[in-house]
Amino acid sequence: MRIDCPHCGPRDRREFSYRGAVLPLPEPGAADEAWFAHVYLRDNPAGPIEEYWQHEGGCRAWLVATRDTISHRIHAVRAAAAR
Amino acid sequence: MRYSLRRVLWEGLRGQSGWKPAWREPEKRDSYDVVIVGGGGHGLATAYYLAREQGISNVAVLERSRLGLGNVGRNTTIIRSNYLLPGNIPFYEHSLKLWEGLEQEINYNAMVSQRGVLNLFHSDGQRDAFARRGNAMRLAGVDAELLGAAEVKAMAPLLAMENTRFPILGGLLQRRGGTVRHDAVAWGYARAADARGVDILQNCEVTGIRVEGGRAVGVGTTRGPIRAGKIGLACAGRSSQVAAMAGLRLPIESHVLQAFVSEGLKPLIDCVVTFGAGHFYISQSDKGGLVFGGNIDGYNSYAARGNLPLVEEVAEEAMAVMPRLGRLRVLRSWGGIMDMTMDGSPIIDRTPVEGLYLNAGWCYGGFKATPASGWCFAYTIAQGRPHALNAALSLDRFATGALVDEAGTGAQPNHH
Ligand SMILES: Cc1cc2nc3c(=O)[nH]c(=O)nc-3n(C[C@H](O)[C@H](O)[C@H](O)COP(=O)(O)OP(=O)(O)OC[C@H]3O[C@@H](n4cnc5c(N)ncnc54)[C@H](O)[C@@H]3O)c2cc1C
Ligand SMILES: [Zn+2]
């Protein structure tokens, strides 16, 4: 598995740390249920998922990869800051 | 048909012509009192204990492929009850006690071998942590012994005691832990459940859960619809997807865990050894192969295969703890899909949908739990409430904050 870092180019998976699914952050004053769902509940899809990977062994940027959980194929990578 | 030494001899004399299939291939019926989704170890054990302990035998187990092809046939076969937290210890000890009587009870040789599980420690801090765990176990009536370096060396002479980075200072030993032939557990429970009237329906994938007025009343399957008084889900790595059919979102991520087996060798390691400075465990099968594994790969996955970085990590750990393994050839490696929860502990409970029950979140430690999981899930389904043994393993603990987090790493499934 290789991840194509927008800053560094394609690099080995070993350079990256997995940081979990990209989830919308509730509003600061949102109800407990919204925060509970954010922290604990997951869609856990079989198929494409948007997730954070941090290029720890490289530029240290947080990236958003769209990866297929069945084939492990990575379809797209962008910098997390580039919303 | 009862299995016995006399039967083996008798069949030997008449050309093995009298053996019968261990379970039936029944026709699907339209309706059952209880439908169990998932014919892995947990689903089959649940069906067996429903019939045996709860007196409910109008039960079907629905399996999307064939029995034994899921995690029950992919794990590294280790059983133990060396847990730390009050919510876990009695449950896993109940499981170990059930293992101890299982083969006689179901008349099936599952090769339960209490060869001992030895957890090595490599620092003073880790010794303290293991001593604490051992004390917690002993307070709960579970066997545990803290060994020094000399005792460990005598027990497992292959270990690299003097490794500069990770010297072995001792180990926590549970003598009653060990290994069990995993496939035989699926087959044995299937045969025992079938003998009590349970229908095992293979190649029967559940594609939908029918909910009417907040109550689960049946399932849609690739072999047609089935009505059910109650439905129990035991789908291991697929739990999120099957639960979503009833509109539930679970505190679970699916991850891949790999395992490895070496070429066959003469007897070399006579217990289960785990390396405490990383995550590595090894034992020797009765066929002679060394069976070993390590961590999950660390990212969500529904592929029953992993990637090379983890293979490298496992090999490094093997070399750190038993350098002599370096000359061995690995015969096979494979992966299984783990339902990792947010606190690393499983869930056996009711759900917000009436009549729908959940058995999930076994992470990479669910094989040892198979008997107690089936026993407690059968109780929970039949009585409509959890048994004291699985009361802490509730679905709402994530909302209430009563987590059962053995590793203490928080809501990050890939760290448990
Ligand atoms: C490599 C590896 C090593 C492991 N090592 C150990 C160990 O040493 N000790 C230990 O205690 N645990 C270990 N485990 C964990 C253990 O194997 C699992 O936690 C346990 O087997 C899960 O329960 P099960 O047997 O019911 O799962 P499974 O056998 O996976 O059963 C679930 C079943 O549900 C079926 N299913 C899914 N969706 C549907 C559907 N829609 N309709 C119908 N059926 C469906 C699947 O086909 C599957 O057969 C290991 C796991 C792996 C992968
Ligand atoms: Zn980079």
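This is a predicted model: local features need pLDDT of at least 70, side-chain atom pairs count only at pLDDT 80 or more; totals for chains, interfaces and linings use all residues.
Good morning. I shall begin with chain A. Its secondary structure comes to one helix and six strands. Read from the N terminus on, these elements follow the order β-β-β-α-β-β-β. The C-alpha trace of chain A spans about 40 × 25 × 20 Å along its principal axes. Chain A has 83 residues, and 40% of them are buried. Let us also consider contacts in chain A between residues at least 6 apart in sequence: of these, 45% join residues at least 24 apart.

I turn now to chain B, and to its helix 3, which covers residues 89–106. This helix has 18 residues, and the distance from its first C-alpha to its last is 25 Å, close to the 26 Å expected at 1.5 Å a residue. Where is the kink in helix 3 of chain B centred? The kink is centred on B:Glu100 and amounts to about 40°. Just after helix 3 of chain B comes B:Asn107, which takes a positive phi of about 50°.

Helix 3 of chain B also meets helix 2 of chain B, which covers residues 41–53. How do these two helices lie relative to each other, parallel or perpendicular? Their axes come within 14 Å and cross at roughly 75°. An angle from 65 to 115 degrees counts as roughly perpendicular, and helix 2 and helix 3 of chain B are therefore roughly perpendicular to each other. From helix 2 of chain B, the residues in contact are B:Tyr48, B:Tyr49 and B:Arg52. From helix 3 of chain B, they are B:Leu98, B:Leu102, B:Glu105 and B:Ile106. The residues of this contact divide into five nonpolar, no polar and two charged.

Is B:Ile200 buried or exposed? Its relative accessible area is 1%, and B:Ile200 is therefore buried, since the cut-off is under 20%. Leaving aside residues up to four places away in sequence, B:Ile200 touches B:Trp23, B:Arg24, B:Pro26, B:Leu44, B:Val61, B:Leu67, B:Ala190 and B:Asp194. B:Ile200 and B:Ala60 are 140 residues apart in sequence, yet their C-alpha atoms are 5.7 Å apart in space.

Next is B:Leu389, in the loop between helix 9 (370–383) and helix 10 (397–400) of chain B. With 17% relative accessibility, B:Leu389 counts as buried. Not counting residues up to four places away in sequence, B:Leu389 touches B:Gly87, B:Pro90, B:Phe91, B:His94, B:Trp375 and B:Cys376. B:Leu389 lies 158 residues from B:Ile231 along the chain, and their C-alpha atoms are separated by 21 Å.

Finally, B:Ser283 lies in strand 14 of chain B, residues 280–284. Its relative accessible area is 2%, and B:Ser283 is buried. Which residues does B:Ser283 touch, not counting residues up to four places away in sequence? They are B:Thr179, B:Cys271, B:Val272, B:Gly289, B:Leu290 and B:Val291. Thank you for your attention.

Technical notes: Residues are numbered from 1 along each chain as its sequence is written. Chains are lettered from A and ligands numbered from 1 in the order in which they are written. Side-chain values use heavy atoms; hydrogens and water are left out. Axes are lines fitted to C-alpha atoms, for helices over the stretch in contact, and angles run from 0 to 180 degrees between N-to-C directions. Helices (H or I, at least four residues) and strands (E, at least two) are DSSP runs, numbered from the N terminus. Angles under 35 degrees count as roughly parallel, over 145 as roughly antiparallel, 65 to 115 as roughly perpendicular and the rest as oblique. Contact means heavy atoms within 4.5 Å. Ala, Val, Leu, Ile, Met, Phe, Trp, Tyr, Cys and Pro count as nonpolar, Asp, Glu, Lys and Arg as charged, and the others, Gly among them, as polar. The expected span of a helix is 1.5 Å times one less than its number of residues. The bend at a residue is the angle between axes fitted to the seven residues ending there and the seven starting there. Buried means under 20% relative accessible area, exposed over 50%, partly exposed in between (1.4 Å probe, protein chains only).
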